[in-house]
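Here is a short tour of a protein model, written for someone who likes to know the cut-offs. Please have a look at the fold before reading on.

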Amino acid sequence: MLRETISFIRYNLFLVCLFVTMSCAIILFSEYNESSGVGSTQFFIALYTGFCVQNAILSGTGRVQLNRGMAGFGSYIFKNILILLVVIGIGIGVPLAFGAVSFSRGALVLLCGGLFAIFYPLLLALVGTWPTAGIAGSTSGLAEAFAGGRRNFLPTFLRLFAGMILPPVVSFLLIAIAASMSYEADAVFQGGKISLITLALLIVSQSMQTFGICYASTVLAHKFQMSEGGPQGGTVSATNVSEIFE
């Protein structure tokens with residue numbers, strides 16, 4: 001699946017670069033105007049990126065065909081938001097239920113972030129093919145998605161974790177390393193000027209995260225194909241499911 005993700009990016013390089021550019025531009029605009037709400041906009045871009053990847057794989061072409069329209073996109077957005085809300089509820093509710101309200105703000109944020117990093121790919125591994133069904137025009141519901149998600153759960157979870165969680169972690173480490181080398185890597189605009197080092201880190205960070213989204217979307221698309229009785233268009237074989245980073 002890693003090879004197919006690279007192949008998708010190669011055949012749709014302009015579109016992938018556009019997604020990276022949009023993500024960077026939103027962050028820069030938010031920082032320049034000191035505005036909030038950047039997270040929801042980035043989440044929408046991530047969802048649209050995943051939609052394009054899965055649409056290309058399920059169509060059997062491997063290429064994004066914008067002339068096909070956005071059939072199933074509304075359902076895809078809605079279902080993914082529901083999954084995200086459940087994860088947020090778990091990430092906040094579990095610590096509070098066990099008395100974490102007495103923790104310091106930093107410890108509470110770290111705990112909630114850790115739970116989110118675990119439960120988001122976990123829940124997607126179980127029911128992540130539910131939003132994908134709408135793209136394929138399938139009538140499969142949440143119960144069918146859960147039944148399919150239980151099969152080969154661990155490889156799917158590890159793949160999704162690698163695609164969705166590791167890129168932000170690596171980005172954070174890069175920023176921390178830059179800060180330890182006396183570079184102010186926390187803001188692109190510093191003293192009215194653009195920090196080229198921070199800008200480069202931002203581009204690298206968003207590129208890695210976009211790649212991770214493409215990889216995770218590829219995993220879910222193939223998971224859906226297998227749960228529906230086999231790959232469509234011959235893009236993946238059943239033996240690939242057990243190979244975590246293949």
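## Ground rules

This is a predicted model, in which local features need pLDDT of at least 70 and side-chain atom pairs count only at pLDDT 80 or more, while totals for chains, interfaces and linings use all residues. Residues are numbered from 1 along each chain as its sequence is written, and side-chain values use heavy atoms, with hydrogens and water left out.

## Overall fold

The protein has 10 helices and 2 strands; these are DSSP runs numbered from the N terminus, with helices being H or I of at least four residues and strands being E of at least two. Along the sequence, the pattern reads α-α-α-α-α-α-α-α-α-β-β-α.

Of the 246 residues, 39% are buried (buried means under 20% relative accessible area, exposed over 50%, partly exposed in between, with a 1.4 Å probe and protein chains only). Among contacts (heavy atoms within 4.5 Å) with a separation of 6 or more, 73% are between residues 24 or more positions apart. The protein exposes about 12900 Å², and carbon and sulfur atoms supply 69% of that area; accessible areas come from the Shrake-Rupley method with a 1.4 Å probe, and for residues only the protein chains shown count as cover.

## Helix H7

Helix H7 spans residues 142–149, and its buried residues are Ala145, Gly148 and Gly149. Seen down the axis of H7, these buried residues fall within an arc of 100 degrees, so they line one face of the helix; the arc is that of the directions from the helix axis to the C-beta atoms. They pack against helices H5 (105–127), H6 (129–136), H8 (153–164) and H10 (196–227).

## The cysteines

How many disulfides does a search of the whole structure find? The search finds 0, with a disulfide taken as a pair of cysteine sulfur atoms within 2.5 Å. For Cys214, the nearest cysteine sulfur is that of Cys52, 9.1 Å away. Cys214 is buried at 1% relative accessibility, whereas Cys17 is partly exposed at 40%.

Cys52 sits in helix H3 (residues 38–58) and is buried, with a relative accessible area of 3%. Leaving aside neighbours within four places in sequence, Cys52 touches Phe8, Leu15, Phe19 and Val64. Val64 is 12 residues from Cys52 in sequence, and their C-alpha atoms are 6.1 Å apart.

Phe78, in helix H4 (residues 73–97), is exposed, with a relative accessible area of 52%.
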